[in-house]
Amino acid sequence: GQRIVLASRPTGEPTAANFRLEEFDVPAPGEGQVLLRTIWLSLDPYMRGRMSDGPSYAQPVPVGGVMEGGTVCEVLDSNSPGFAKGDIVLAHAGWQTHALADPKPLRKIDPSLGPISTAVGVLGMPGMTAYTGLLDIGQPKEGETVVVAAASGAVGSAVGQIAKIKGARAVGIAGGKAKCDYVKNELGFDDCLDHRDPDLAAKLKAACPKGIDVYFENVGGEVFEAVFPLLNAFARIPVCGLIAQYNAFEAPPTPKWAGAMMRHVLTKRLTIRGFIVSDFAGRRQEFLRDMSEWVRDGKVKYREFVTEGVESAPSAFIGLLKGANFGKQLVRIGPD
Ligand code: NDP
């Protein structure tokens with residue numbers, strides 16, 4: 001087998017030198033264990049956090065350890081009564097071709113819901129992040145305006161489409177014309193703006209004539225600064241991610257405007273709530289029921305961005321952090 005390990009911790013943007021490709025002998029499963037072969041590896045922005053050992057909500061990957069990640073796998077051999085050779089499962093096997101797993105966290109994938117790759121995409125962790133963050137925290141109402149950045153990506157694309165299903169106006173922000181065109185014309189957002197446009201703040205104001213009621217925060221930084229003055233009274237801000245800041249390696253000084261911002265939080269009675277998708281684990285059944293129906297009915301569309309082979313994972317991941325992906329970033333590790 002082959003695997004990618006963390007060779008060293010990055011300072012700022014990760015580089016190829018932070019990763020190492022290793023060969024290993026595929027092991028036999030021990031008592032109660034399952035041997036997996038990976039078909040799809042999901043690459044996700046949170047992995048940047050796992051590469052550093054700063055304070056976070058999860059443990060970092062140790063130097064020399066296999067990079068972690070969600071996967072769609074086939075069971076090759078099983079010493080567990082719950083799983084049989086040939087089963088397709090959702091696992092956390094990491095950046096490698098084969099893995100031993102304890103059966104407890106494995107979940108069989110129902111292929112009738114959609115292509116198996118969607119189990120790490122629109123019908124998996126990113127889709128559920130969009131669903132719970134938007135519906136449980138954002139709570140969009142008919143006629144309200146919802147803004148989301150990284151709008152062509154795995155989470156953002158679902159956020160805007162669910163907002164439309166709920167009768168809201170959806171305004172996306174994405175990097176470049178091709179992504180903005182896709183978000184408007186294919187995904188059906190009402191508008192989409194380029195975050196690299198120097199006039200973003202003015203264009204966002206024009207695109208949100210009634211202000212912003214829900215800002216689904218994926219990015220932080222300059223996008224947030226453009227959004228903040230447009231927030232309406234009682235606006236809700238699910239804080240999902242801050243990808244513009246993940247490569248920063250020095251804590252920024254406390255901003256001078258923090259006091260002014262809190263005055264607005266008070267006077268506009270804003271709700272700002274950070275969340276991790278696992279906080280909403282109890283919503284899984286409703287999520288799967290609604291989302292699979294929306295995908296089947298064409299109300300939620302998704303796009304996958306696939307690179308081939310475990311050796312492509314480091315460069316694909318480095319690209320994901322700066323927008324080289326166009327849709328949900330996947331690595332095809334082995335044949336279906
Ligand atoms: P995406 O598929 O959206 O890929 C990441 C995208 O981020 C890039 O394609 C790029 O799109 C955009 N981006 C990168 N840098 C910047 C920047 N400086 N300014 C604006 N946009 C930028 O990834 P996901 O959908 O998987 O994740 C989206 C967000 O959701 C991330 O912040 C992630 O950490 C978060 N997340 C949080 C979870 C939680 O439990 N809280 C769970 C899952 C995801 P573009 O070309 O448009 O700039």
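Figure 1. Helix α2, helix α3 and strand β15 (328-332) each supply at least two residues of the shell around the ligand, in a model that is predicted. Of these contributors, α3 gives the most to the shell, with 3 residues. The shell counts 32 residues around the ligand, and those that come nearest are Gly 153, Gly 175, Gly 241, Ala 244 and Gly 323.

**Figure 2. The whole protein, shown for orientation.** The secondary structure of the protein comes to 9 helices and 15 strands, and its C-alpha atoms fill a box of roughly 60 × 45 × 35 Å when this is taken along the principal axes. The radius of gyration is 20 Å, which agrees with the value near 20 Å that a compact globule of 336 residues would have. Of the 336 residues, 41% count as buried.

**Figure 3. The open sheet of 6 strands.** The strands of this open sheet follow one another in the order β10-β9-β8-β11-β12-β13, and their pairing is parallel. Strands β10 and β13 stand at the edges, where each has a single partner strand, so one side of each is left without a neighbour in the sheet. Neighbouring strands of this sheet are turned against each other by 15° on average, direction ignored.

**Figure 4. Helices α2 and α3 against the sheet.** Helix α2 (residues 125-138) lies across β8 (145-149), β11 (212-216), β12 and β13, and runs at about 145° to β12. Helix α3 (residues 154-165) also packs on the sheet, where it touches β8, β9 and β11, and its direction makes about 170° with that of β8. Both α2 and α3 are also among the elements that each supply at least two residues of the shell around the ligand.

Figure 5. Strand β9 (residues 169-174) and strand β10 (residues 191-194) pair in the parallel sense over 4 bridges. Within this pairing, Gly 172 stands opposite Cys 192 in β10. Together with helix α4 (residues 177-185), the two strands β9 and β10 make a right-handed β-α-β unit.

Figure 6. Strand β12 (residues 231-239) and strand β13 (residues 271-274) run parallel and are joined by 4 bridges. Arg 236 has Thr 271 as its bridge partner in β13, while Val 239 stands opposite Gly 274 in that strand. With helix α7 (residues 258-267), strands β12 and β13 make a right-handed β-α-β unit.

**Figure 7. Two loop residues with positive phi.** Most residues other than glycine have a negative phi. Ala 150, which is not a glycine, has a positive phi of about 50°, and this residue is found in the loop between β8 and α3. Ala 150 counts as buried because 27 C-beta neighbours lie inside 10 Å, where the cut-off for a buried residue is 20 or more. Arg 269 likewise has a positive phi of about 50° although it is not a glycine, and its place is in the loop between α7 and β13. Arg 269 has 10 C-beta neighbours inside 10 Å and therefore counts as exposed, a class that holds residues with 12 or fewer.

Figure 8. Gln 2 is found in strand β1 (residues 2-6). With 15 other C-beta atoms within 10 Å, Gln 2 is partly exposed. Not counting residues up to four places away in sequence, Gln 2 touches Leu 21, Glu 23, Gln 96, Thr 97 and Val 310.

**Figure 9. Thr 307 in strand β14.** Thr 307 has its place in strand β14 (residues 304-308), and this residue counts as buried because it has 20 C-beta neighbours inside 10 Å. Leaving aside neighbours within four places in sequence, Thr 307 is in contact with Ser 312, Ala 316 and Val 331. Thr 307 and Arg 332 are separated by 25 residues in sequence and by 6.3 Å in space, C-alpha to C-alpha.

Note on methods:
Residues are numbered from 1 along each chain as its sequence is written. This is a predicted model: local features need pLDDT of at least 70, side-chain atom pairs count only at pLDDT 80 or more; totals for chains, interfaces and linings use all residues. Two strands pair if DSSP finds at least two bridges between them. A crossover is right-handed if, with the strands pointing away from the viewer, the path from the first strand over the helix to the second runs clockwise. Two residues are in contact if their C-beta atoms, placed from the backbone, lie within 7 Å. Axes are lines fitted to C-alpha atoms, for helices over the stretch in contact, and angles run from 0 to 180 degrees between N-to-C directions. The radius of gyration is taken over C-alpha atoms; the globule rule is 2.2 Å times the number of residues to the power 0.38. A residue is near a molecule or strand if its C-beta atom, placed from the backbone, lies within 6 Å of it.
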